[in-house]
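Dear colleague,

Please find below the sequence and the structure that I am handing over to you. My notes on what was found follow directly after them.

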Amino acid sequence: MSRRTIIPIGPYHPLQEEPELFKLFCEGETVVDIEFETGYNHRGIEKINEKKTFDQVFFVVERICGICSTSHPFAYANAMEEIAGIEIPDRAKYIRSIIGELERIHSHLLWVGLAGHFLGYNTVYMWSWKYRESVLDIFEMITGNRNNYAMFKIGGVRRDIPNAMIPEIRKMLDSLKPKIGLLTGAVMDDPVIHARTKGVGVLTPEVIRKYGAVGPTARASGIAIDVRRDDPYAAYGMVNWKVITADEGDVFAKAKVRLLEMVESVSIIEQCLNGLEKTKEGDIETVVREIPPGMGFGRAEAPRGEVFHFVRSDGSNMPVRHKIRAPSYVNIATFRESCIGQTISDATIILAAVDPCYCCTERLTAAYQTVADMRRLDGMELIRLSHEKTRKIISELDNSGSLQKNNEV
Amino acid sequence: MIKQMEEIFRTEFSTDVLETTVLNHKRMVVKIRPAALLEIVNFLTEDRRYRFIIASGVSHPEHFEILYHLSDDTKGYILSIQVELPAEKPEIESLANLVPAANWIEREIHDLFGITFLNHPNMVPLIASGNWGPDEHPYATQGRRGIVAGSAAEGSSSGQKENSRLRNINKDL
C-alpha cells in the first residue's frame with residue numbers, strides 16, 4: 001500500500017477568504033480524499049444583527065466580505081424593500097447597479113491576478129492588480145472609499161452620482177476596456193495556461209446541481225443561472241446584457257467566464273450612466289418610515305455568485321431573524337468533486353478556481369505538531385509546486401518548438 | 001405565476017400542507033407537516049428542478065422553526081418550506097441524502113439551535129468545534145437550551161411583549 005500523505009491547507013492560508021482547513025489526503029502525487037473544517041471565524045453576525053436597527057445592519061453586513069463588500073448590503077436592501085413593499089427611484093437603481101458591476105470588475109481582476117500568480121505568471125498578476133487600482137479610483141471618486149462604500153440604504157442610496165461626474169467615469173471606463181482586452185488575450189491565447197488549466201478540476205453540471213453551486217462556478221459548467229437575469233433587481237431588468245457561460249467546467253472555463261463577464265459589466269455600467277443622465281439629479285431615495293411585520297427574501301449576484309438574505313421583522317425596528325448565505329458556502333463544497341484524482345500541484349489552482357476570496361494575510365499552518373506519517377506542505381510550498389509544473393510545461397513546449405511557433409503567430 | 005404552485009400544493013399535497021402564504025408574485029411560504037418534508041422537497045428538486053438555496057433556523061419561545069429556501073431559477077421564484085418542531089424534542093429527517101447541498105447547513109443548524117437531523121450522513125460539528133460545547137446552542141432562545149444569559153426572560157410571552165415594546169421605544173429615539 002502506498003504511503004498516504006496529509007496536506008493541510010489552512011486554517012489561515014492565502015488561498016482562502018475565511019480561515020478554513022482543508023486536508024488533502026494524497027497517495028503519491030494524487031489527491032485521493034479531502035476533508036473540510038470550518039468555524040474558525042464564526043463572528044455571529046446573524047445574531048449581532050438581531051440587536052441592531054434595520055439601518056445599522058447595513059454597516060455590519062457590509063463588513064462580511066472584504067472584497068465584494070457591496071453584495072451583502074445589496075441583498076439585504078432587496079430583502080428589506082420586499083418586506084416594506086416599496087419601489088425605489090430609477091436613479092437609485094442605476095447607481096446600485098453601477099456599484100455592483102464596478103465591484104464585479106475589481107473582484108474578477110483580483111482573481112485573474114491571483115490565478116496568474118498561482119500558475120507562476122506574475123506578469124498577469126502585476127498587470128491585473130495594477131488595472132484593478134483604476135477601478136478602485138472610480139469607487140473613491142463616487143463614494144469616497146476604495147472599499148466598504150456605504151452606498152446603500154433602505155429605499156435607495158446614500159449618495160448621488162452628480163451628472164457632472166459622469167464624463168470622468170466614462171473616460172476612466174474607456175481606458176479600462178483595452179486593459180481588460182489585453183488581459184483576456186494574455187490568458188486565452190497562452191499555450192502554457194491552456195496546458196495548466198484545461199481539463200483540470202472539472203465540475204460537471206450534475207455536480208453543480210448536487211451541491212447547489214452558484215455564480216461563475218456554475219456558469220462555467222454550462223448552468224446558466226444568474227440572479228441578475230432570473231430574478232431582476234436594481235437596474236438589471238432595464239439594461240441589455242447577456243449571461244456568460246462555458247460548457248467545459250474546468251479551471252480554464254471559469255477564467256474565461258470571469259474575463260468575459262468583465263466586458264459585460266463595463267457595458268452594463270455604460271448603459272446605467274446613460275440612464276442616470278435621463279433621470280433627475282437628487283432623486284435617489286424613497287423614504288421609508290416603518291418596516292411592517294413580515295418576511296423578506298433578498299438576493300443579489302455577487303462576483304462569486306448568489307448572495308441570499310432572509311429577514312423576518314415583527315413591526316419593531318430590528319430584525320427578529322436574519323439569515324445570510326454567501327456564495328462560497330455552497331461553492332466550497334464542490335472541492336470534494338474537483339480535487340479528487342488531481343495532482344497536488346494542480347490543487348492550488350483548483351481550490352482558487354471557485355474564487356473563495358483572498359483578503360486574508362498570508363499566514364500558514366506551520367504551528368501544528370507534526371504527526372509521524374504526516375507531511376505538511378504550507379502555502380508557499382504548494383505554490384512552488386505549481387510554479388514548477390508550469391516551468392516544466394514551458395520547457396517541454398519550448399523543446400518541441402510549439403511555443404515558439406505560437407509566439408511567432 | 002406563483003399562484004399555480006400554490007394550487008399544486010393545495011391539490012397534490014392537501015393533507016401535508018398546513019398553510020400557504022403568497023407574499024408577492026415571486027415569493028411563497030408553504031407550511032407543511034414535518035413528516036412530509038422529504039416527499040415535498042423531492043417533488044420540488046426532482047420534478048420541478050428547484051435549486052436548494054439554504055435553510056434558516058428560527059427559535060421561538062415554545063418551538064423551533066426551519067425554513068427551507070428553494071429557488072426556481074427559470075422563473076425567479078423563492079419558495080420557503082416551513083416546518084415547526086416542538087422545543088422539547090426538536091428533530092426532523094435530514095435532507096442531506098436527497099439534496100447534498102443541505103449537508104453543511106443542517107450541521108450548522110444543529111450547532112446553533114440543537115435541532116437533531118435524523119439519518120444525516122455526517123453529523124459532526126461544522127462551526128461549533130473549538131467555539132462552544134456540544135450541548136450548548138447559542139441561537140436557541142429557550143432559556144434551558146441556550147447559553148446566552150437572560151434568554152430565559154425572553155422565553156415567556158410577557159417577556160417578549162416587553163422586549164417588543166422596548167424595541168419600539170428605541171425606534172422613537
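Over residues 143-173 of chain B the pLDDT stays under 50, and for this stretch the model has 36 contacts beyond four places in sequence. Please bear in mind that this is a predicted model. The mean pLDDT of chain B is 83, with 82% of its residues reaching 70 or more. For chain A the mean pLDDT is 87, and 90% of its residues reach 70 or more. Chain A also contains a stretch, residues 358-372, where the pLDDT is below 50; beyond near neighbours in sequence, that stretch has 26 contacts in the model. For the complex, the predictor gives an ipTM of 0.87 and a pTM of 0.88.

The two chains

Chain A contains 16 helices and eight strands. Of its 409 residues, 51% are buried. Among the contacts in chain A with a separation of 6 or more, 72% are between residues 24 or more positions apart.

Chain B has five helices and seven strands, which follow the pattern α-β-β-α-β-β-β-β-α-β-α-α along the sequence. Of the 173 residues in chain B, 39% are buried. Where contacts in chain B join residues at least 6 apart in sequence, 44% of them join residues at least 24 apart.

The interface

Leu23(B) is found in strand β1 (residues 17-24) of chain B. Leaving aside neighbours within four places in sequence, Leu23(B) is in contact with Met295(A), as well as with Met28(B) and Val29(B). Ile2(B), 21 residues away from Leu23(B) in sequence, is 9.8 Å from it in space, C-alpha to C-alpha.

A residue in a loop of chain A

Ile64(A) is found in the loop between α2 (54-61) and α3 (71-84) of chain A. Ile64(A) is partly exposed, because 18 other C-beta atoms lie within 10 Å. Neighbours within four places in sequence aside, Ile64(A) is in contact with Ile45(A), His72(A), Ile324(A) and Ala326(A). Ile64(A) and Ile383(A) are 319 residues apart in sequence and 27 Å apart in space, C-alpha to C-alpha.

In soluble globular proteins, nonpolar side chains tend to be buried together. The largest nonpolar core here has 153 residues, and those with the most contacts inside it are Leu24(A), Met80(A), Val112(A), Ala115(A), Leu79(B) and Ile81(B). Helix α4 (residues 90-119) of chain A provides the largest share of this core, 15 residues. Not counting residues up to four places away in sequence, Val112(A) touches Val124(A), Ser128(A), Leu183(A), Val187(A), Ala255(A), Arg258(A) and Leu259(A).

Helices α4 and α14 of chain A

Which helix does α4(A) run roughly antiparallel to? The axes of α4(A) and α14(A) come within 9 Å and cross at roughly 170°, which means that α4(A) is roughly antiparallel to α14(A). Where they meet, α4(A) contributes Leu114(A), Ala115(A), Phe118(A) and Leu119(A), while α14(A) contributes Thr348(A), Ile349(A) and Ala352(A). The residues of this contact divide into six nonpolar, one polar and no charged.

Helix α14 (residues 344-353) of chain A is mostly covered, with nine of its ten residues buried. The buried residues of α14(A) are Ile344(A), Asp346(A), Ala347(A), Thr348(A), Ile349(A), Ile350(A), Leu351(A), Ala352(A) and Ala353(A). Just after α14(A), Asp355(A) takes a positive phi of about 60°.

With kind regards

How values were computed:
Residues are numbered from 1 along each chain as its sequence is written. Chains are lettered from A and ligands numbered from 1 in the order in which they are written. This is a predicted model: local features need pLDDT of at least 70, side-chain atom pairs count only at pLDDT 80 or more; totals for chains, interfaces and linings use all residues. Helices (H or I, at least four residues) and strands (E, at least two) are DSSP runs, numbered from the N terminus. Two residues are in contact if their C-beta atoms, placed from the backbone, lie within 7 Å. A residue is buried if 20 or more other C-beta atoms lie within 10 Å of its own, exposed if 12 or fewer, and partly exposed in between; C-beta atoms are placed from the backbone. A nonpolar core is a set of buried Ala, Val, Leu, Ile, Met, Phe, Trp, Tyr and Cys residues joined through C-beta atoms within 7 Å. pLDDT is the predictor's confidence in each residue, from 0 to 100. Axes are lines fitted to C-alpha atoms, for helices over the stretch in contact, and angles run from 0 to 180 degrees between N-to-C directions. Angles under 35 degrees count as roughly parallel, over 145 as roughly antiparallel, 65 to 115 as roughly perpendicular and the rest as oblique. Ala, Val, Leu, Ile, Met, Phe, Trp, Tyr, Cys and Pro count as nonpolar, Asp, Glu, Lys and Arg as charged, and the others, Gly among them, as polar.
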